[in-house]
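Here is a short report on charged side-chain pairs. Look at the sequence and the fold first.

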Amino acid sequence: MLSIPKAHPYPITKLVWSDGSPVRVNELEANKAYIFNYLFKNTPNFLINLGDEKGNPIRIEVTLYTAMPPLAEESIVFRVKDYVKESIPGFGSPYTVNPHGSIVAYSAICQHFGCPYLAINFYAPGRSVPLARSKIVERGGVIYCVCHGGAYDPYRGAAILLDPPQRPLPFVILREENEELYAVNIVGATIFGKFCNTCGEEGDLIGSISVVKEA
Ligand code: FES
């Protein structure tokens, strides 16, 4: 008989450095990726303060729509002056992706065959992508998976830049309190291989803190 894995509430998880001190938003270097696990102990995510080629943070806005369009449908993008406004296929209500406008967190497990970080990695603007098979990614500013060359756009809600992935990366909703960061939810697609994002053994949930490391 098919057993349905138990779903749990999303934990509110404080992001901390390895010495236990809280990660503060102004400590995250632009164009540098960090890694933390959420909402399970073995599901990694990128934490990135997105910047331009000169290292200036870029404000990102993401709006989620409640309807799930066909899997291959591209995200709709509006470029408004100096920031990027994005609509992502997914569930939920309108949502700004991060408190300071430039910090985002995405699953670091590829939506194609599930290759995890380090196979999938963030390449800052100007940082070349090894073995890039397309000009789209050769100048960096992408999340790229070396397993089969899939690529996602971190400035547009991890929308697909290069197949074979068919879905954007799920992203983690962050909350800022007193300049400290908390992970509170995951939206968009489900984490690769998960029946639902919170399905699993209770003991595997990350709990109240998650350690952030440089990628
Ligand atoms: S697993 Fe990432 S592109 Fe195939």
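**Overview**

This is a predicted model. It holds 7 salt bridges.

| Pair | N to O distance |
|---|---|
| Glu214 and Lys32 | 3.3 Å |
| Arg139 and Glu53 | 2.9 Å |
| Glu138 and Lys135 | 3.9 Å |

**Glu214 and Lys32**

Glu214 forms a salt bridge with Lys32. The pair links distant parts of the chain, 182 residues apart. Glu214 sits in strand S15, residues 213-214. Lys32 lies in the loop between strand S1 (13-16) and strand S2 (33-37). The two ends fall into separate accessibility classes. Glu214 is exposed, with a relative accessible area of 53%. Lys32 is partly exposed, at 23%. The cut-off for exposed is over 50% and for buried under 20%, so the 23% of Lys32 places this residue in between.

**Arg139 and Glu53**

The side chains of Arg139 and Glu53 also meet in a salt bridge. Arg139 is in the loop between helix H1 (135-138) and strand S9 (142-145). Glu53 is in the loop between strand S3 (44-49) and strand S4 (60-64). These parts are 86 residues apart in sequence, so the pair ties them together. Arg139 counts as exposed, at 55% relative accessibility. Glu53 is exposed too, with a relative accessible area of 52%.

What separates Glu138 and Lys135 in helix H1? They are 3 residues apart, which means about one helical turn lies between them. Their side chains meet in a salt bridge, with N and O 3.9 Å apart. Glu138 is partly exposed, with a relative accessible area of 38%. Lys135 counts as exposed, at 67%.

Ser134 lies in the loop between strand S8 (120-123) and H1. Is Ser134 buried or exposed? Ser134 counts as buried, because its relative accessibility is 17% and the cut-off is under 20%. The side chain of Ser134 reaches the backbone nitrogen of Ile136 at 3.0 Å.

**A network**

Which residues are linked in a network of salt bridges? They are Lys14, Arg24 and Glu180.

Conventions
Residues are numbered from 1 along each chain as its sequence is written. This is a predicted model: local features need pLDDT of at least 70, side-chain atom pairs count only at pLDDT 80 or more; totals for chains, interfaces and linings use all residues. Side-chain values use heavy atoms; hydrogens and water are left out. A salt bridge is a side-chain nitrogen of Lys or Arg within 4 Å of a carboxyl oxygen of Asp or Glu. Helices (H or I, at least four residues) and strands (E, at least two) are DSSP runs, numbered from the N terminus. Buried means under 20% relative accessible area, exposed over 50%, partly exposed in between (1.4 Å probe, protein chains only). A polar contact is a pair of N or O atoms within 3.5 Å; within protein, one must be able to donate a hydrogen and the other to accept it, and residues adjacent in sequence count only if both atoms are side-chain atoms.
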